[in-house]
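Please go through the questions below with the sequence and the model at hand.

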Amino acid sequence: MEDQITDLIGQNIALIGLAIVIFFAVSSAVRIVPQSEKFVVERFGRLRAVLGPGINFIVPFLDRVAHKISVLERQLPTNSQDAITADNVLVEVETSVFYRIIEPEKTVYRIRDIDAAIATTVAGIVRSEIGTMELDQVQSNRASLIQRIRESLANVVDDWGIEVTRAEILDVNLDDATRAAMLQQLNAERARRAQVTEAEGKRRAVELAADGELYAAEQLAKAKRVLAEAEAFATSAIASAIRDGGLEAAQYQVAMRQVETLTELGKGQGKQTVIVPASALEAMGDAFKLFKDAAK
């Protein structure tokens, strides 16, 4: 039985070898690429193709997958570099860059260490951009500075088949001397604003007081004018009555004024006794007499 099996294998060894060769050929010809990767295929050391996600076929024994490149977004380690602003202030800038590979054939054959190359490029661009701005502009216009860095970086790394998805300035640090000077300047600015606010408040108070006095004077003038007009009307009426009624009307008005004056004197607090001059009594008598005559 064993001899028969040995004879069978010996007779079909060529077919078995061929089957094994075909199996390995098919296995090497089919390449399944994950969604997050791309395969760079070489033929005799030269670039042949870039395989995308899914099932791909290559020529067995001639083509080989030389590089497997991840296309996921990557983040460079946080990098710090010194820079000098346009007003000669030394600052330490912390940056972070996110990128992804979109053309693996450029990344593989044009640059060796992509992370180091991007980090060096970012450091140079940051120093160049900050050198054109003053410290106050760096602090207040950080968004525009980030945009300029990202655009400059995108132009440089385009030859490497890379897309910069995000570039961030995490922090801008100052040395102790500059920080102390800025704090002193900030305190001085706050004191100046407080003094300006206090002065404006005092000026506003003076203006309001002056407006109040002006308004009071205007109202008093209006009141005097009204009283003067009333007095003029009364005088005119009295003059008209004298003209029409003669001297008796004038005597009647004078007598009535004296009576009113005595009445006001009698209304005072603590005054129970009022000394009335004889002339006043005569005036009251004349007033009553005139009043009776007028009634007739």
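Q: Which atoms do the side-chain values use?
A: This is a predicted model, in which local features need pLDDT of at least 70 and side-chain atom pairs count only at pLDDT 80 or more, while totals for chains, interfaces and linings use all residues.

Q: Which residue meets arginine 166 in a salt bridge?
A: Side chains of opposite charge can pair when their charged atoms come close. A salt bridge is counted where a side-chain nitrogen of Lys or Arg lies within 4 Å of a carboxyl oxygen of Asp or Glu, and eleven are found by this rule. At 3.4 Å from N to O, the partner of arginine 166 is glutamate 168.

Q: How many residues apart are glutamate 198 and lysine 202?
A: These two residues form a salt bridge, with their closest N and O atoms 3.6 Å apart; glutamate 198 is partly exposed at 48%, whereas lysine 202 is exposed at 54%. Both lie in helix H6 (residues 176–245), helices being DSSP runs of H or I with at least four residues, and strands runs of E with at least two, numbered from the N terminus. The separation is about one turn of the helix, or four residues.

Q: What helical separation lies between arginine 204 and glutamate 207?
A: The side chains of arginine 204 and glutamate 207 meet in a salt bridge at 3.4 Å, N to O. Arginine 204 is partly exposed at 47%, and glutamate 207 is partly exposed at 34%. Because these residues are three positions apart in helix H6, their separation is about one helical turn.

Q: How much space lies in the largest cavity?
A: A cavity is a set of points, on a 1 Å grid over the protein atoms alone, where a 1.4 Å probe fits but cannot get out, and its lining residues have an atom within 4 Å of a point. Grid points are joined across faces, edges and corners, and the volume is the space filled by probe spheres set on them. The count comes to one cavity of 30 Å³ or more, and the space in the largest is about 50 Å³.

Q: Which elements give two or more residues to the lining of the largest cavity?
A: The lining includes Val97, Ile149 and Glu168, and Glu168 is partly exposed at 27%. The elements asked for are strand S8 (90–101), helix H5 (142–157) and strand S9 (162–174).

Q: Where is phenylalanine 44 found?
A: Phi of phenylalanine 44 is near 55°, a positive value in a residue other than glycine. Phenylalanine 44 counts as exposed, at 66% relative accessibility. Its place is the loop between strand S2 (37–43) and strand S3 (46–51).

How values were computed:
Residues numbered from 1 in each chain as written. Heavy atoms only, no water. 1 Å grid on protein atoms, 1.4 Å probe; cavity = no way out; pocket = protein on both sides within 12 Å on 5 of 7 lines; lining within 4 Å. Buried < 20%, exposed > 50% of the residue type's maximum accessible area, 1.4 Å probe, protein only.
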